[in-house]
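Colleague: Hi! Could you walk me through this chain when you have a minute?

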Amino acid sequence: KQGINPEHPSLAKDASTYNLAINGPNVYEVRRYLEHAIANQPNLKEVILGIDFFMFNAKLKNQPSFSEARLGIKHIAIADAINALFSIDTFNIGKETIEASLKEANRNDRFGENGFMPNRKFNDGNTKWRFEQAIKLYFQLHSDYELSDQYLKDFQTIVTLCQQKHINLKV
C-alpha cells in the first residue's frame, strides 16, 4: 500500500495496474489472492510481490478478514452482499467514515483511488511511537517463529503458476 505507487513512471502506462495491499498476510493468503486475480484477469502480465520473513511463520494464521468464499468468483459473495446491505456495523462504520472525512477533509495519508497510500508526514513527532508499536506487534505475532514448510510450498506454487501463465513475477 505504501511501497509502489501504481502510477509510478516505471510501470507500463498502457496497462491497467491494481494495488492489492494486504497488511500482514501469510504466503497462503497471497497465493489464493493471486489465483483469484488470475481467474478474474486471465491476461495478467506482471506481478510485483513484496515478501518478508514473517510471511513464512507457521504460527501466522489467516487474517480474520480473509474469506475463501470471496475468491475465484466474479461477483460479490452472497454473505458479503447481505452484510454490506443490512448490517448495523456497516452502517455505523460508514457513518463514522463520513463524519471523519468531514472533520479532516484535507488529510493526505489516506488511500488514493488507485490503492496507494502516500507516506505519512514523518516529522509529526510520532516516529518513535510508531516504531515502538511496530516492534511490539512483531514480537507479539512472531516471538515463537517457526518456518512453515507449507508456506514455502505455497510460495513455490506462486512461482510455478506465474511461469505456467507466462506472468512476469518480480519478488
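Modeller: Happy to; we can start with the overall layout and then go through the core, the salt bridges and the surface. One thing first: this is a predicted model.

Colleague: Noted. How many helices and strands are there in the chain?

Modeller: The chain has five helices and two strands. Going along the sequence, the pattern reads α-β-α-α-α-α-β.

Colleague: And what share of the residues counts as buried?

Modeller: It is 22% of the 171 residues. The accessible surface of the chain is about 12800 Å², and carbon and sulfur atoms account for 56% of that.

Colleague: What about contacts between residues at least 24 apart?

Modeller: If you take the contacts between residues at least 6 apart in sequence, 77% of them join residues at least 24 apart.

Colleague: OK, on to the core. Which residues touch the most other members of the largest nonpolar core?

Modeller: Those are V27, L34 and I158, in a core of 13 residues. Two elements give two or more residues to this core: α1 (27-40) and α5 (149-164).

Colleague: Which residues is L34 in contact with, leaving aside its neighbours within four places in sequence?

Modeller: L34 contacts L44, V47, I158, L161 and C162. In general, nonpolar side chains in soluble globular proteins tend to be buried together.

Colleague: Good. Let's switch to charges. How many salt bridges are found in the whole structure?

Modeller: The search gives nine.

Colleague: Is R32 buried or exposed?

Modeller: R32 is buried, because its relative accessible area is 16% and the cut-off for buried is under 20%. E35 has 22% relative accessibility, so E35 counts as partly exposed.

Colleague: Which other residue forms a salt bridge with R32, with the closest N and O atoms 2.9 Å apart?

Modeller: That is E68. This pair links distant parts of the chain, with R32 in helix α1 and E68 in the loop between β1 (46-48) and α2, 36 residues apart. E68 is partly exposed, at a relative accessible area of 35%.

Colleague: Which residues are linked with R32 in a network of salt bridges?

Modeller: The network joins R31, R32, E35, E68 and D154.

Colleague: Nice. And which side chain meets K170 in a salt bridge?

Modeller: E46 does, at 3.1 Å from N to O. The two are 124 residues apart, with K170 in strand β2 (residues 168-170) and E46 in strand β1, and the pair links distant parts of the chain. K170 is partly exposed, with a relative accessible area of 42%. E46 is also partly exposed, at 34% relative accessibility.

Colleague: Changing topic: which residues form a nonpolar patch on the surface?

Modeller: I78, I82, L85 and F86 form one, with about 510 Å² of accessible area together. I82 lies in helix α2 (residues 78-86). I82 has 46% relative accessibility and therefore counts as partly exposed.

Colleague: And α3, how many buried residues does that have?

Modeller: Zero among its 16 residues, so α3 is hardly covered.

Colleague: What span should helix α3 have at 1.5 Å a residue?

Modeller: Helix α3 (residues 88-103) should span 22 Å, and its end C-alpha atoms are 23 Å apart, which agrees.

Colleague: Last one: what can you tell me about the segment before α1?

Modeller: I22 is in that segment, and I22 counts as partly exposed at 27% relative accessibility. The C-alpha atoms of I22 and Q63 are 9.4 Å apart, although 41 residues separate the two along the chain. N5 also lies in the segment before α1, and N5 is partly exposed at 25% relative accessibility. Between the C-alpha atoms of N5 and N19 the separation is 8.0 Å, with the two residues 14 apart along the chain.

Colleague: Great, thanks for the tour!

Note on methods
Residues are numbered from 1 along each chain as its sequence is written. This is a predicted model: local features need pLDDT of at least 70, side-chain atom pairs count only at pLDDT 80 or more; totals for chains, interfaces and linings use all residues. Side-chain values use heavy atoms; hydrogens and water are left out. Patches are made of residues with over 30% relative accessible area and no salt bridge: like charges are joined within 9 Å, nonpolar side chains (Val, Leu, Ile, Met, Phe, Trp, Tyr) within 5 Å. Accessible areas come from the Shrake-Rupley method with a 1.4 Å probe; for residues, only the protein chains shown count as cover. A salt bridge is a side-chain nitrogen of Lys or Arg within 4 Å of a carboxyl oxygen of Asp or Glu. Helices (H or I, at least four residues) and strands (E, at least two) are DSSP runs, numbered from the N terminus. Buried means under 20% relative accessible area, exposed over 50%, partly exposed in between (1.4 Å probe, protein chains only). Contact means heavy atoms within 4.5 Å. A nonpolar core is a set of buried Ala, Val, Leu, Ile, Met, Phe, Trp, Tyr and Cys residues joined through side-chain atoms within 4.5 Å. The expected span of a helix is 1.5 Å times one less than its number of residues.
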